Structure formats: C-alpha cells, structure tokens
Amino acid sequence: MKRLTYPFTHEAVRDLKVGDMVLLTGKLFTGRDAVHKRLHEGVKPPVDLNNQIIYHCGPVILQDKATGKYTVTAAGPTTSIREEPYQAEVMKDYGIVGVIGKGGMGAKTLAGCKEYGCVYFHAIGGAAQVLAEKIDSVDAVHWLDLGSPEAIWELSVTDFPVVVTMDAHGNSLHAKVEASSAEELKKALQD
Amino acid sequence: MAKKMTKKAASKKTVVKKVSKKPKKVVATPKKTKAAPKKIAPKKAAAKKVTAKKVAPKKAAPTANTQKNLEASLLELIRSTSAVLPDDVQKVILEALEREEKNTTAEYAMNIIKANIELAKKKSQPLCQDTGTVLFYVNHPIGFDQGAFTKLIEKSVVKATEMGYLRQNSVDSLTGENSGMNIGPGHPSIHYHQHNKPTIEVRLMLKGGGCENVGAQYSLPYGPLEAGRDLDGVRKVILDAVHKAQGKGCGPGVLGICIGGDRGAGYIESKEQLLRKLDDKNAVPSLAELESEIVETSNKLGIGPMGFGGKTTLLGCKISALNRLPASFFVSISYMCWAYRRQGVELSGTNEIKKWLY
C-alpha cells in the first residue's frame, strides 16, 4: 500500500505505477459531466486546480438547515469515460495531477497522463459509504447552479483508497484487460 | 377505487385490532379524511376524548390511517432498498470474494465492496451515491386505484430524497435543471400489473446510471459477430455486451435479458428479469442452460471486479423470451451493478409491511 499526501506534485504521481494501491490524504475537488462541459466551453474554473485532483463523483450531500453546514452521506465514483473528450484538455489547461473515477478512460486521456504527468486513480464503484467515511469535511462548494450532484465540492479526505489503473508512463490496466478479454471472447465465440 | 380498498380493509377485524393498539393515530382520522389530510396537529387533543373502538367502525375512518401506513411502508421500502442489499445478492458477492486470488486488486475491490455493504446497512445510508432510476413494480388486485397509489409513491420519493436515502437524481433533459425531488416526466418509473390475488405487492429497484449506460440492444442477425437468429446468436451478442461493458457498469454484475419483443417491451422485460431471485431456476430448460453458460463463459473473459482483471465478471444472468414479429429479432440486455438494490414488500390490509419479498 502506498500513500500520497497533500500537497500533491507531478513528481510524486510520476512515481506511481499501474496496479499500485494508494491511500490519498488531502484535498479533492469533485467534477463530473457538467463541470467538464463548462470548462471545455471556456469558462475558467472557480478555484485554482493547479496540482489538484479532480474526483469524478456526484455525492449525496445533506445540508443542516440550522447551521448551513454540508455533510457527505454517500460519495462513490461515477463512470469516467464520459469525460474522455475533455480530460486531457483539463490536464493541459489547469495543471491537475490526477483524476479519480471508475471504469477507466481512453487513449486520449492516457496520452494526456504521459504528457502532463498525471495518473488515473480508480476508486471502487458503488462503495459510497466506505469512501464517504474517508471524507473529513466539506470545505466549499462551487458552481452549485449545476445541481448538487454536478457541482464542484471541495473535500478533505484521509486515507482515501484507490488503485492506479493508468499511470504517467503510458500504461493502462484498462487497455490491457480489454485486449486480453477480447482474446478470450474470440475463443468463446468460436466454440 | 381507493375507497373500495379501504372499505374492504375496514370490514376486516384486523383493522380494529391494529387500530386499538394505536389509538392516537386512529383518532385523528375522522378529521383528516373529511377536511384537511395534511393537518396532523389536532390528533393529540382529540385522542383523549374519543376511543379507538368507537371510531374504527365508521366507514371513512381508516382511509387516512391506511394512507399514512402506506406512506410509512413505502418510505421504509425505499430506505431499505437504498441501504441494504438483499440476502441472495450478498451471498453471491461473498462467494465472489472467496474466489479471487489473495493480494490482487480484484480481491481488494471485493473487500471494499464487502465493507461497504456492512457499513451502509449499519449507517442506514445509500450503498451507492447513485441511487439510480427509481423503478417501482406494483402487483395489485382488481379494482385498484393506480392514480391514488402513484401520488403516494411520489410523496414517499420526495420524503426519501429529503432524508438522503435518494440522491437528487432527476434532471430535465432539455434545460439540464435538477428538480431536486426526483419527480418529473418518467420519474419515478412505476409499472403496474394486475394479479389475481387480493394483496398488494410493491417491488422497488434502484438502478444506477453507470450500469444502465452499458445496457445494449442487438438486432439479429448481427453481422460483426456472425450472430444468427437462434440461441447461439443470442449467446454471441450477450457475450459481446459483457465484453463491451468491461468494468464500466460496476462489475461484477448481473444481466437481465429479453429475447424478442419490440424494442420497448424488450428493455422493460429485461429489467423485470432482474426482479427474479438469483438462486431461482428458469422454468424453460434451454434458457436455464443459457443462463448458466453465459455466467460461466463471461467469467472466463477475466474482466473481473471493476474491470481490474479477475475471476468474477458476472454474478448472475436471467433470461426470458417474448414473442416477436417475423421481421424482428431483438436481444435486449440490462446490466445491473454489484450494488443490486432491489427489495419488495407485501402489504397488509391496512397497508403495513406484512412480508419482505427478498
């Protein structure tokens, strides 16, 4: 088990390899479909994303009516491939060090990881409670006009468990499994 | 039609018994049914003056009470579905965990899944933040008021959303606006079926977007796989769909499949196959055989939990067939993630939960 602790750096993530199980401690910014679309349309992000990690997640958030304080009650990853058209661009334009999501991403993002020193962290899809437990606080929210699941939630986490499935050296577990399972499928179809 | 039901319920002695146990609730009913159903405040004051036994025989009396019971039962159904995986699903997940090789990312994923199932149950919070499409399946007797039932389902969905059992998950497709309440055209999705029993059964499935997105519909013959209009062709396209899904649907998953039907009916039926228990056996021998073969062969593909590579790609497969037109041959595939949230209840005459169905 490896650890990656805030402040994150491109040097530190370049040391990570596909298959590494990593515990993340520090800050994460949620951002999914609507955020990526808006960034792609040229709107500047409301926070400095340099050296930060974007988490593909639409959490369940409750707000205390008396204090206005937010708490996360469920926060697993959403499917990342929908951000494939935008992700490398966000890496280039805003200097992020990585993204967390599920299901993996494609060739364009993999090339982006290599060029800009980023990694793709795979969280366990559906494990919303285990992951929400690792969130210590909700520090801010931006672009709430996109709706709660689509907003940018600034979260502090401790020992957030992820697996590196795409690294900064051009390796992708997803590409590997897709190819090996395609071979098996070919055999099965011939049976 | 709702009145018919409640009359029927009122005629049963069980109502009176139940009622007398909870005098406070009953006493409030005469006021509620006649005037303002939303006002609950006067109930305490009234409770002292009127006894339950006097109230219960009045025909209109149980209406609001059974309505309140129904709201409570539906809310509990939603809470339980969102937070607790049914036993048959938990069983196959634990078996899958045992199968994975130690110290692999696949085993790591299954261990986190196991921990998540336990934690969600303990905290009574959503297993997965994507509480999905809210799909109700209601089996009801003849003379049932679907309109009134729909309104109560909607009310319970709003309440469940406010309580955080459901995420704000309903988006206007044209404006992108989130209603924040999970209500809107098509939401929640409610399917009514009349059956020849006096009881009402309500099943609920919460199906997340990740797994819904990897569903597929093939039209046979399907050239790229040389899949023809027979069960072998069906087998080929199902395996292709499993391969295409990789880990994107939060595997290991369960497939619900319909062979035949039109495009719409096929998808609806494929989802209804997911209401079957995982350990049941298909009554049609050729389909039973195909179900087992799909699971076995899919697991040989080695896609594994989350697509990390590993031994379990599918936890189950359920298939049925509808008639088709001579010109059409569809295979409709719904993929359900490991967070296979489905539960059901049989309601009592007074709309309390009489029995859990899974």
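The following legends describe close-up views of a predicted model.

**View 1. The four-stranded open sheet of chain B.** Strands of chain B are arranged in the order E4-E7-E5-E6, with mixed pairing, and the sheet they form is open. Strand E4 (216–219) and strand E6 (314–321) of chain B lie at the edges, each pairing on one side only. From one strand to the next, the twist averages 15°. Within the sheet, strand E5 (residues 253–259) and strand E7 (residues 330–336) of chain B run antiparallel and are joined by six bridges. Ile259(B) has Val331(B) of E7(B) as its bridge partner.

**View 2. Two helices packed on the sheet of chain B.** The strands shown are again those of the open sheet E4-E7-E5-E6 of chain B, in which six bridges join E5(B) to E7(B). Helix H12 (residues 231–245) of chain B touches E4, E5, E6 and E7 of chain B as it packs on the sheet. The direction of H12(B) makes about 35° with that of E7(B). Helix H14 (residues 285–300) of chain B also packs on the sheet, where it touches E5 and E6 of chain B. An angle of about 150° separates the direction of H14(B) from that of E6(B).

View 3. Tyr218(B) belongs to strand E4 of chain B. With 21 other C-beta atoms within 10 Å, Tyr218(B) is buried. Beyond its neighbours within four places in sequence, its contacts are Val237(B), Phe330(B) and Val331(B). Ala241(B), 23 residues apart from Tyr218(B) in sequence, is 9.1 Å from it in space, C-alpha to C-alpha.

**View 4. The buried side of helix H4 in chain A.** Helix H4 (residues 107–116) of chain A has Thr109(A), Leu110(A), Gly112(A) and Cys113(A) as buried residues. These residues lie on the same side of H4(A), because the arc they cover around the axis is only 160°. They pack against helix H3 (84–94), strand E7 (119–122) and strand E9 (152–166) of chain A. Gly117(A), with a positive phi near 70°, follows H4(A).

**View 5. Cys118(A) in the loop between H4 and E7 of chain A.** The loop that holds Cys118(A) runs between H4 and E7 of chain A. Cys118(A) is buried, since 29 other C-beta atoms lie within 10 Å. Its contacts, leaving aside neighbours within four places in sequence, include Gly112(A) and Cys113(A), along with Val13(A), Met91(A), Ile96(A), Val97(A), Gly98(A) and Ala168(A). His56(A) is 62 residues apart from Cys118(A) in sequence, and 15 Å apart in space, C-alpha to C-alpha.

**View 6. The contact between the two domains of chain B.** Domain 1 (2–82 + 128–208 + 342–356) and domain 2 (209–338) divide chain B. Nine residues of domain 2 are in contact with 10 residues of domain 1. On the side of domain 1 that touches domain 2, strand E1 (133–140) and strand E3 (200–207) of chain B are the elements giving two or more residues. That side of domain 1 consists of three nonpolar, three polar and four charged residues.

**View 7. The side of chain B that touches chain A.** Contacts between the chains involve 43 residues of chain B and 41 residues of chain A. At least two residues of this side of chain B come from each of helix H9 (105–123), helix H11 (209–213), H12 and H14 of chain B. H9(B) gives the largest share, 10 residues. By class, the residues of this side are 21 nonpolar, 16 polar and six charged.

How values were computed: Residues numbered from 1 in each chain as written. Chains lettered and ligands numbered in written order. Predicted model: local features only at pLDDT ≥ 70, side-chain atom pairs only at ≥ 80, totals over all residues. Pairing = 2+ DSSP bridges. Axes fitted to C-alpha atoms, helices over the stretch in contact; angles between N-to-C directions. Contact = placed C-beta atoms within 7 Å. Buried ≥ 20, exposed ≤ 12 C-beta atoms within 10 Å, placed from the backbone. Arc of directions from axis to C-beta. Domains from an automatic or database assignment. Nonpolar A, V, L, I, M, F, W, Y, C, P; charged D, E, K, R; others polar.
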